[in-house]
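Here are my notes on the charged side chains, as promised. Have the model open while you read.

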Amino acid sequence: MRFELRLDPELRVRAQASGLGRVLGNLLSNAVKYGPEGGVIEVEAQRGSDRAVLCVLDRGPGVPAAEQPALFRRYARLSPQPSGGEETTGLGLALARQHARAQGADLRYEDRPGGGACFRLEWPLA
C-alpha cells in the first residue's frame, strides 16, 4: 500500500492524543484491510468552516447502501470482506465513532466517487 497525504500544516484540533490516535488508527487499518493490494490510501486534512475535516479514502469495495445504517453498530459484520482474508470483530468503527464523539467530533461514511470508501472525521478546531 502507498499513502498519499494532503494535510494543512497549520491545522490544529482540540483533542486527546490517545483518542484521536485510536480513531485514525482504526480508519487507516480498515483502509489497508479493505483496499486492493498495492493500492493507494489517501489522507486529507483541511480546515472547514468551524471544524477540521479529515478524510481517509480508499478504493476498496465500499459499503452497500443497504448496509450503511449498520456500519457503526457494535458487532456489525457487513458483506464487504477484507482483501487479505483477515478476521474482523465488527467493533472497530463503533469504537472509533464513540472515541470521536466523546471529544466533540463526529465520524461518518460516504461513498467515494469512482468507487471505494471515504471516512470523514470532523474534529473541533483548537
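1. First, the term: a salt bridge here is a side-chain nitrogen of Lys or Arg within 4 Å of a carboxyl oxygen of Asp or Glu. Keep in mind that this is a predicted model, where local features need pLDDT of at least 70, side-chain atom pairs count only at pLDDT 80 or more, and totals for chains, interfaces and linings use all residues. Residues are numbered from 1 along each chain as its sequence is written, and side-chain values use heavy atoms, with hydrogens and water left out.

2. By that rule, the count comes to ten salt bridges.

3. Take Arg 120 next. Arg 120 pairs with Glu 110 in a salt bridge, the closest N and O atoms being 4.0 Å apart. This pair links distant parts of the chain: Arg 120 sits in strand E5 (residues 117-124) and Glu 110 in strand E4 (residues 106-111), ten residues apart. Strands (E, at least two residues) are DSSP runs, numbered from the N terminus.

4. Arg 120 also bridges to Glu 122, with the closest N and O atoms 2.7 Å apart.

5. Now for exposure, where buried means under 20% relative accessible area, exposed over 50%, and partly exposed in between (1.4 Å probe, protein chains only). Arg 120 is partly exposed at 22%, and Glu 110 is partly exposed at 28%, whereas Glu 122 counts as buried at 17%.

6. Elsewhere, Glu 4 forms a salt bridge with Arg 6, closest N and O atoms 3.6 Å apart. Glu 4 is partly exposed at 28%, and Arg 6 is partly exposed at 36%. Both belong to a salt-bridge network that links Arg 2, Glu 4, Arg 6, Glu 42, Glu 44 and Arg 112.

Methods
Helix = DSSP H or I, 4+ residues; strand = E, 2+ residues; numbered from the N terminus.
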